[in-house]
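Have a look at it first.

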2 protein chains.
Amino acid sequence: MARGTKITIRDVAARAGCSVATASRVLNRSGATSADSRARVERAAADLGFAFSAIGRALQSSRSMTVGVLVPSLANPVFAEAVQGAQEQLRDAGYQCLIASSTYDPERDAEALRVLTAKQVDGLIVTMVAPEDSSELGAARASGIPAVLMFHDPRAGLLSAHVDNAAAAREVARRCADAGHRNTGFLALRFSTSDRSRARFTGFMQGCAALGMAAPVLVEVSEDEAASPAALARTLSAHPGLTAIFASNDVLAIALQRAARELGLRVPQDLSVIGFDGIEIGRHLDRPLTTVETDPEAMGRQAARLLLAMLRGEMPEPPAPLPFTFRPGATLGAPAEDRDDDRAATRSPSAHPDQNPSFKRT
Amino acid sequence: MARGTKITIRDVAARAGCSVATASRVLNRSGATSADSRARVERAAADLGFAFSAIGRALQSSRSMTVGVLVPSLANPVFAEAVQGAQEQLRDAGYQCLIASSTYDPERDAEALRVLTAKQVDGLIVTMVAPEDSSELGAARASGIPAVLMFHDPRAGLLSAHVDNAAAAREVARRCADAGHRNTGFLALRFSTSDRSRARFTGFMQGCAALGMAAPVLVEVSEDEAASPAALARTLSAHPGLTAIFASNDVLAIALQRAARELGLRVPQDLSVIGFDGIEIGRHLDRPLTTVETDPEAMGRQAARLLLAMLRGEMPEPPAPLPFTFRPGATLGAPAEDRDDDRAATRSPSAHPDQNPSFKRT
DNA sequence: TTGTACGCGTTATCAT
DNA sequence: ATGATAACGCGTACAA
């Protein structure tokens, strides 16, 4: 049944007995048309099942109505949700999404940007390893393609839909201090390729310092380590003095608890664990995960709104960071043993940190 | 710095002092060219930073090198991973992905298909509410656009990358029987819009019947119910006799355990829980989730491979279903009490009941 | 109100 | 080996 014959506006015009110009005017409701020809054209289009070719339109208008979206990986639910949000918002404005992923490889970031610009996208929404160092991103912007970042802290001249990772991490430090912790660690995955991870560590350090705690120990793990409870347990056992660990994301925080259990450590009595992202599953666990809740879908939508404004020729203000919420769970508690020399500086008046009202910041 | 002036092959030709035809031949390595002009053209292209316009190419070749991918939602990690797999495989073959999502709305399925075909995609990979009833999908295929399904059981004339949901569900029934369960339930989300959910229930019914167990109780829940432990607990308490519940996906299975806990039920002593999908987090839980493990990313890759074959003009064989693995966890165990009086009552020698499922496809 | 004709960027055909 | 030109589908300036 494959009739490869595409129907074009010429076919419609022919059947309606008019010129393509008239057909175009009718179908686009542009320009003046007689009721008579209007009816005939619309009838013909319907009969033929005509649909405009976006390619032809793009060529003539030099607008593809397509936006390029680049993220590290859709296998990470946080990015997937953001893309979903962006895609929906763009769809409402008539734009489609061309997607690409880099798997955290800067070279693939570059290649993806080349392909997307070759496809003549009208705009770009990107999360990449190093936006500020990307000559491809610079070239795209220089050639007039508006671009906005997602997840990244705002860069020079670049708008970004983001949360204030450092501020969120400082809040985590405060909650740790309130619970009585002094010796903490930061468990990081992809530290070198994720500025989010780095920003969270920086903020956590700042917070710990400001609260008189020891500087947090940075514990970097590979994907393989993170996936293996045994390997993670080995890594963890190399840092016996820690009473609380802030993981750079929720999945890692959950894996960490598994590893802790293998070492015979109880959570939170022997080790407190705090995550980041606020994935849905975290609240359904037997021991609900203490974490920082964010809204990736909203981030995607905001990125899309910013880009749409730019596509309309506006110059939107840099947006305020999106809100995050500290979600008290059951994995952060007081350390089992208080050491007298620590107590004075860090003891909080609250005995039940997990029942504190959640902290909200915009 | 926005010089909106796109550099075209004419600019390259002008700078190289030759015709566009020669420039095209050099840049595409098609046709014969002199070493001299080759050098000049390549130099000019490099100097200008020339890149082909995919739009111009698409118009002239009527091939967009773009594939349309339609899924219910990228917020569901299962679909997101599949898209990631498909996207990577297609990228290796030089294709990009235009994505669309329906949020399980058939009307949006239709609209997405219209848009994608208007954008002249060379092929389609789709997961939708009702592929067999979609006139848009039929129209696309009739007009020569190859399409493959993802997640769906194979339909008449349509290839699909899928797992055998019914067989997997029968395996779950067998494991339940082995553990000594007789009164089971199937907890379903989006039963009416997901044929995966329906296939799993059907298979579970078949398995239960074949093993002499009571017919599983179908418990449908809304998104809101699934998200609220309290609501889920209420629904659950309406079915006190069940000793094991098979949830239509892992997230639901985890939420279910939370609800069970609210009712004072211990898992698995008082209630066994089995999930579906095999999400990574499930194995890191304190009580690792018993589930059926699948590989959505592999499914996406297979769908892409099938489509690529069709785009090469081949007519690939219907693929074998992708493998699934029953992953024993700690949430399926023997029921605490055996009730002798139930056994005789529910044993049915007849195979008839399970062949007339109580739900109807729409 | 309607039609003609050009240009968008590219490749292929046909001469030269 | 190279160049001129048509064609792809569309919108629009211009002419009628």
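A salt bridge here is a side-chain nitrogen of Lys or Arg within 4 Å of a carboxyl oxygen of Asp or Glu. Keep in mind that this is a predicted model.

Q: Which residue forms a salt bridge with A:Asp195?
A: The rule finds 1 salt bridge across the interface of domain 2 and domain 3 of chain A. For A:Asp195, the closest N and O atoms of the pair are 2.9 Å apart, within the 4 Å cut-off. The partner of A:Asp195 is A:Arg155.

Q: How do the residues on the side of domain 2 of chain A that touches domain 3 of chain A divide into nonpolar, polar and charged?
A: Across that interface, 4 residue pairs are in polar contact. The side belonging to domain 2 of chain A splits into 8 nonpolar, 2 polar and 2 charged.

Q: Which residues of domain 2 of chain A lose the most area to domain 3 of chain A?
A: Start with the layout: domain 2 of chain A covers 63-163 + 297-311, and domain 3 covers 165-293 + 332-359. About 860 Å² is buried between them, with carbon and sulfur atoms giving 50%. On the domain 2 side, three residues together make up 50% of what that side buries: A:Tyr104, A:Val129 and A:Val163.

Q: What area do chain B and chain A bury between them?
A: Moving on to the two chains, the contact takes 57 residues from chain B and 57 residues from chain A. Carbon and sulfur atoms carry 56% of the buried area, and the total is about 5,000 Å².

Q: Which element gives the largest share of the side of chain B that touches chain A?
A: The two chains have 27 residue pairs in polar contact. Elements giving two or more residues to the chain B side include α4 (54-61), β2 (96-101) and α12 (250-262) of chain B, as well as α5 (77-92). The largest share is 7 residues, and it comes from α5(B).

Q: In β2(B), what is the bridge partner of A:Cys97?
A: Strand β2 of chain A, residues 96-101, pairs with β2(B) in the antiparallel sense, over 3 bridges. In β2(B), the residue bridged to A:Cys97 is B:Ile99.

Note on methods:
Residues numbered from 1 in each chain as written. Chains lettered and ligands numbered in written order. Predicted model: local features only at pLDDT ≥ 70, side-chain atom pairs only at ≥ 80, totals over all residues. Heavy atoms only, no water. Domains from an automatic or database assignment. Buried area = accessible area lost by both parts, 1.4 Å probe. Polar contact = N/O pair within 3.5 Å; in protein donor to acceptor, adjacent residues only side chain to side chain. Nonpolar A, V, L, I, M, F, W, Y, C, P; charged D, E, K, R; others polar. Contact = heavy atoms within 4.5 Å. Helix = DSSP H or I, 4+ residues; strand = E, 2+ residues; numbered from the N terminus. Pairing = 2+ DSSP bridges.
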